[in-house]
Amino acid sequence: MSERNDDFITYELQEFKLFEPLFRWARKKSLWIVAFCTGCGGIEMPPLATARYDFERFGIMPNPAPRMGDLFLITGYVTPKTLKRIIITYEMMQDPKYVMIHGSCPINGGVYWDSYNVVKQFDKYLPVDVAIAGCMPRPEAVMDGIMEIMRKIESGKADGWKRYRDNYEWYKKNQDELFGEGWREKEGKRWLAWI
Amino acid sequence: MIGIDWKIVLEVIGMLIYATFMGFIFMGIERKAMARIQRRVGPPLYQPILDTLKLLGKKESVSHGLIYDFGPVFALGATITALLFIPIANFQLFSSNADLIVVAYLLEVPMLGIMLGAMSSGNPYSAVGVQRGLLTMVAMQLPYGLALIAIVQHWGSFKLSEIVALQSVHGWSITVPALLLAFIVFDIVFQAMLGLEPFDIITAPAEISMGPMLEYGGKHAALLFTQHAVQLFAETAFFAVLFLGGASNLIELLIKQIAVLFIAIFVASIYPRFTIDQAAKFFWKWPTIIGIIAVLLTV
Amino acid sequence: MDMNEKPKVEEKAEEVAEAPRLPNTKEGRLVKAILEKAPYAEGSIRRERRVEFKVPADRIHEFLEVASEKFEILIQITTVDWLKEGEFELVYQLWSVSESVHAFVRTRIPRENAEMPTVMDIWPVAETYEREAHEFFGIIFKGNPRLGPFILEPREYEKHPFRKDFNMIGYVKMIYGEDFDRYDESKTNYVI
Amino acid sequence: MEKVEVPRELREEARKHDMYLHPIDKDTYELFFGPQHMATENFSIILKMDGNRVEKAIVNPGFLHRGFEKLAEQRPYFTNIALLLRICVPESDVPENIYSMAVDEIIGWEVPERAIWIRNVVLEMARLSAWMFWIMGFGNEIGLYTPGQWAVAYRERFLRLFEELTGGRVYHIYTVPGGVRRDIPGDHWLRQLRDTVEYLKSKLKDFDEILFDNYITFERTEGVGVMDRKFALKHAVTGPNLRATGVPYDVRKDDPYYLYDQLDFEIPVLKEGDSLARVLVRRYEIEQDLYILEQLLDMGPPSGPYMVKDPKLKNLPRFKVPKGDAYAHVESTKGDFGAYVVSDGTHKPYRVHVRGPSQSHGVTVLEELLRGARLADVPVILKTLDNCPPDIDR
């Protein structure tokens, strides 16, 4: 456990090792969500942001710019067409970044378990830090998931971004199996000027 | 050889730290007050500090070259320079006979810095944001200048410390009818300077998703946040100095700054966003007319 | 198939019994007016505010042009894949705003190399419906310039997944791996 | 370890080839509007921009396609309720109702009066909560966040009532062929509903002051995205968007279902056909929906069973529906929402085709209206058409 934490720090920012607890506290308290409504779970985002649940109390707010985002909420089922965009957006986000999947569908397909156009196991393609089951998960459950991510960040266990770097070949192999070789160059080039 | 005056150096450093800190708190107040209007609890007041810290702790993976890195630094430098020209409770590092003009235009330079960086990032949304930003700047120059001319003509001085001194003798600027009009004009322009509705055309999250800020992340964004905090402090202080009689101590200044800030927040939370052409038309219509009346009244 | 015989049976009964009854209702008048202009079609009334036409596939464009005078809105184009008969049934669903009547215009085309004329020139919105029908069933609408992958990605588009002979479970296993089967406890039946 | 970020050489190459603004010719560039964008909800529009104007817009849907209609063919009739309601997320009762109505018609069931009353109340509540959601969406697009925040908080009141009635917040799985799944919890629920309606009625003027009567809202929407009556009919525009062009077509009046022929309400119609007209029509419809709910509450639930009595219902998974087909549609907040169900006599539907209103609003109409619009008008047009991407993709 402690060994893993040390590794985490050295990997991350050697020059700021001293301030690491401070940064962790700041990261925990200021999770910006990438505004990408990937599925029907997006409908529970406005209630979360408004009077009854109000996640801005905890410093969480949606941000349209993926470069500034920390938390990627996969809100509901993911189709292959969306997954391409999700992967590109995820790679645009800057480390450290966290992924929370929201609802049963990204976990195992949910009600769309036999659909030809829904990705069944999301964690094959991108690393996941916290998963919330249910369809639709209640806002309380989402808040609970976010608290879980906060706890994980504080203890240094939210290391999805690091796993993605370490096991990039494996993730890339799965992605290529689904989309075919060279999909980034072929299609990503059209979406993003700098790819 | 001129010896370094350590007292001034310490004062400058202290002032910068104070301004940055208070600027962050102002940003927190902005978010908190908006949340209260929207019937929410809202984030804690120190939330922007946490955001900036977090952004500082991020690993930067992309850079778009030297200009991209230089933009935020340029913006921050210009803001700090502007701050040092403003008389903040008897402290003013730089002073010249025409520091009003200097401050007024130094406060617009940061925008150019951001634009510089955003343009070199190559994102089309950023490019659209930059175009909008430049057009807004052009549009607001006229009423902005008119309001300043009214102030200068009435008090007969380009020197900020003199304007403060005169106000302490003759009463605040807004008690003069002509300058009250100038105050209204300045307040409308102020909304655009802070990038709040109805003039948040530059960032417009639903249209161009943050515009120039879209490509910035990590440490660049942290620098821009710091810059925004200092600028918020400097602009509110400038406003308070010009129209609310300046201040003799920091507490008085703080109260006036927060009062100014709250006007901006209330306006921002009840008005939607203009489009860029409507904003330009708007600026050249009512604020300009009121500004001309204010100038004519002060002659 | 019984499904398609049913309206025919009704019709035969209606032709005898309904002929004097047609003018009484607005539906009856509407069907009569259209059938006068398009004698090749068969028309019937299903219930209040629902009428039905059966049109041969080669005259569908002609018929819809006639019908579009009364029926302003093309609500949707439904394709039904009758696998056993080797036919696609296209149901053009029309709505008349002035008369408040919904019409099914049915036509049948063979399943192999299915081709239809486009009705984009009558209702521009048909472009979307036809793109969809093309994508999911592989029907080619001649004259529609935008046929091709629309909602699906090219790989699924080639399979035309809504066809009845598209083996969904097999395809899903091929694409996403085999480790998600949902059997009951004895592993005999799929649980849905 | 392979680096995740884009290698510098590729970026340099992109710079060399001047791919930065995707130049098509001298002044135009391509802008990808969505799916990662605040305004579009996982829906993408490719805009060919000429300066600030849209020269051409190409809609690229399909990010939410799950193959509902194919899945519905694999599942028994009653299980499909839990599947099909996911087509329209903001008002999930609409797909439940149209599917149930169509199946009822095929079987020939007379749905009990009490069930009809409950279904009608549920539909109207769904409409109101969808309106509240729309206020948020529209406010956010034009940069006014305050009314949206209030509206979503008011929507929570309806969700709470839904929760007590059905057990679900967003997805209710409540209306089933033959009636509804459970009875009304009790009189206190009706009282609470009436209180909520009264409360919302008293709050409507707040929205007027801040959003619908705002000078800048008028500026932003007037003359934006204009369509005329003929265009709207040819493009199968329905719902409030059609009524904003002067056609008084409302399914509730023209093809009355449930209790609508006994209710007294008006259809707001405006002639201008621009975004402002669409906004105002929706504003008046909120009022009418509150009025309808009040009438329904005055009427009170009829006594009797809430589900048909049929011995076949004992074995739901094997429940067989006779051969036939039926089309049923209701008026949702977005427009005419219809379902066409074909049965071949087995326990699974042979074909289910759902017609979402955004199928026409979100593709051809949107492409036509966006041509020549300013970039800032794109979200306004999107939201005043009330485009709902899952309708298109399904």
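In chain D, strands β6, β7 and β8 make up an open, antiparallel sheet of 3 strands in the order β6-β7-β8; helices (H or I, at least four residues) and strands (E, at least two) are DSSP runs numbered from the N terminus, and two strands pair if DSSP finds at least two bridges between them. The edges of this sheet are β6 (324-331) and β8 (351-355) of chain D, each of which pairs on one side only. The model is a predicted one, in which local features need pLDDT of at least 70, side-chain atom pairs count only at pLDDT 80 or more, and totals for chains, interfaces and linings use all residues. Residues are numbered from 1 along each chain as its sequence is written, while chains are lettered from A and ligands numbered from 1 in the order in which they are written.

- Strand β7 (residues 336-343) of chain D pairs with β8(D) in the antiparallel sense over 5 bridges, and D:Gly338 has D:Arg355 in β8(D) as its bridge partner.
- Helix α4 (residues 93-107) of chain D packs on this sheet and touches β6, β7 and β8 of chain D; two residues are in contact if their C-beta atoms, placed from the backbone, lie within 7 Å.
- The direction of α4 of chain D makes about 145° with that of β6(D).

**The β1-β2-β3 sheet of chain D**

- A further open sheet of 3 strands in chain D has the order β1-β2-β3, with antiparallel pairing.
- Its edge strands are β1 (28-33) and β3 (53-60) of chain D; each has a single partner strand, so one side of each is left without a neighbour in the sheet.
- The antiparallel pairing of β1(D) with strand β2 (residues 44-50) of chain D extends over 6 bridges, and D:Leu31 stands opposite D:Leu47 in β2(D).

**Chain D as a whole**

- Chain D contains 15 helices and 8 strands.
- Its radius of gyration, taken over C-alpha atoms, is 23 Å, close to the 21 Å that the globule rule gives for 394 residues, so chain D is as compact as a globular protein of that length; the rule is 2.2 Å times the number of residues to the power 0.38.
- Taken along the principal axes, the C-alpha atoms of chain D fill a box of roughly 75 × 50 × 50 Å.
- Of the 394 residues of chain D, 59% count as buried; a residue is buried if 20 or more other C-beta atoms lie within 10 Å of its own, exposed if 12 or fewer, and partly exposed in between, with C-beta atoms placed from the backbone.
- Among contacts in chain D with a separation of 6 or more, 69% are between residues 24 or more positions apart.

**Contacts between chains**

- Of the 5 pairs of chains that touch, chains A and D have the most contacts.
- In that pair, 39 residues of chain D are in contact with 41 residues of chain A.
- The largest share of the side of chain D that touches chain A, 4 residues, comes from α6(D).
- By class, this side of chain D has 23 nonpolar, 9 polar and 7 charged residues; Ala, Val, Leu, Ile, Met, Phe, Trp, Tyr, Cys and Pro count as nonpolar, Asp, Glu, Lys and Arg as charged, and the others, Gly among them, as polar.
- No contact joins chain B and chain C, and their closest C-alpha atoms lie 24 Å apart.

**Chain C**

- In strand β5 (residues 101-110) of chain C, 7 of the 10 residues are buried, so the strand is largely enclosed by the rest of the structure.
- Strand β2 (residues 50-54) of chain C runs parallel to β5(C), joined by 5 bridges, whereas strand β4 (residues 87-96) of chain C pairs with β5(C) in the antiparallel sense over 10 bridges.
- C:Thr128 lies in helix α4 (residues 126-137) of chain C and is buried, with 27 other C-beta atoms within 10 Å.
- Not counting residues up to four places away in sequence, C:Thr128 touches D:Gln359, D:Ser360, D:Val363 and D:Thr364.

**Confidence in chain A**

- Chain A averages a pLDDT of 80, and 87% of the residues score at least 70; pLDDT is the predictor's confidence in each residue, from 0 to 100.
- Over residues 1-12 of chain A, pLDDT stays under 50.
- Where pLDDT is low, the predicted coordinates should not be read in detail.

How values were computed: Axes fitted to C-alpha atoms, helices over the stretch in contact; angles between N-to-C directions.
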